[in-house]
Amino acid sequence: MSETPQEPEQPDAKQPAPEPSDTQPSDAEQAAPAEPEGPKSLTFRITPVALLGVLAVIICATPLATTAGTWALLIYLIPLGLAVWILRTRTTFDAQQVVARTMFGRTKFGWDDVVSLRLNEKRWLKAVLRSGKEVQLPAVRVRDLPRVAAISGGRLPDPTTQE
């Protein structure tokens, strides 16, 4: 059996060619969505799951606190302090400023005051200000640098794009 080469199929003359309106996207499809804006601010905080550890400390402290007398109830100040530290400690970045909040205070400074970021020995970041002061940035890690660079509006370089 020998096969003969076939000619490519020709479109049927009976079928009309598609109209231009059928192939062109509609107005809704033509209007491409604008590039999505990034967040207006970023907040880094200690994970609320850490409150489960506080709950464990409360459970473990209860036998001692209830049987050792009235003064032993002060042992509940330890988990209370831990809970306040977890809920209050955070760093918030926006386009104009940085707010680093700790358990007992907060530090606010503008992006123009930041000279550089420094890695702390505990893997937290510190902001080095023009005055020479170093401000701890609670809950901000090295892995967060690309997001911090993006929210800074180009004031800090993105370390992932540099060679």
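This report looks at aromatic pairs, the nonpolar core and salt bridges in a predicted model.

## Aromatic pairs

A search of the whole structure finds 2 aromatic pairs. Take F44 and F93 to begin with. Their ring centres lie 5.7 Å apart and their planes meet at 80°, so this pair is edge-to-face. F44 sits in strand β1 (residues 41-45) and F93 in strand β2 (residues 90-94), so the pair ties together parts that are 49 residues apart in sequence. Both F44 and F93 are buried.

The other pair is F93 with W111. Here the centres are 5.7 Å apart and the planes are at 20°, so the rings are stacked. This pair also links distant parts of the chain: F93 is in strand β2, while W111 is in the loop between β4 (106-110) and β5 (114-119), 18 residues apart. W111 is buried, as is F93. Together, F44, F93 and W111 form one aromatic cluster.

Side chains alternate along β1. L42 and F44 point to one face and are buried.

Strands β1 and β2 run antiparallel, joined by 5 bridges. R45 has R90 in β2 as its bridge partner.

## The nonpolar core

The largest nonpolar core has 24 residues. Which of them touch the most other members? They are F44, F93, F109, W111, L137, V140 and V148. Several elements each supply at least two residues of this core: β1, α4 (77-88), β3 (97-101), β6 (124-129), β7 (134-141) and α5 (145-151).

F109 shows what such contacts look like. Leaving aside neighbours within four places in sequence, F109 is in contact with Q97, V98, V114, A127, L129, V135 and L137.

## Charged side chains

Side chains of opposite charge can pair when their charged atoms come close. The structure holds 4 salt bridges. One of them joins R118 and E134, at 2.6 Å from N to O. R118 lies in strand β5 and E134 in strand β7, so the pair ties together parts that are 16 residues apart in sequence. R118 is partly exposed, at 32% relative accessibility. E134 is partly exposed too, at 35%.

E134 also forms a salt bridge with K126, with the closest N and O atoms 3.9 Å apart. K126 counts as buried, at 18% relative accessibility. A further salt bridge joins D144 and R147, at 2.8 Å between the closest N and O atoms. D144 is buried, at 5%, whereas R147 is partly exposed, at 43%. Shared partners join R118, K126 and E134 into one network of salt bridges.

R141 lies over the face of W124, 4.3 Å from the ring centre.

Methods: Residues are numbered from 1 along each chain as its sequence is written. This is a predicted model: local features need pLDDT of at least 70, side-chain atom pairs count only at pLDDT 80 or more; totals for chains, interfaces and linings use all residues. Side-chain values use heavy atoms; hydrogens and water are left out. Rings of Phe, Tyr and Trp (its six-membered ring) pair if their centres lie within 6.5 Å; planes under 30 degrees apart count as stacked, over 60 as edge-to-face and the rest as tilted. Helices (H or I, at least four residues) and strands (E, at least two) are DSSP runs, numbered from the N terminus. Buried means under 20% relative accessible area, exposed over 50%, partly exposed in between (1.4 Å probe, protein chains only). A charge sits over a ring if NZ of Lys or CZ of Arg is within 6 Å of the ring centre and within 35 degrees of the ring normal. Two strands pair if DSSP finds at least two bridges between them. A nonpolar core is a set of buried Ala, Val, Leu, Ile, Met, Phe, Trp, Tyr and Cys residues joined through side-chain atoms within 4.5 Å. Contact means heavy atoms within 4.5 Å. A salt bridge is a side-chain nitrogen of Lys or Arg within 4 Å of a carboxyl oxygen of Asp or Glu.
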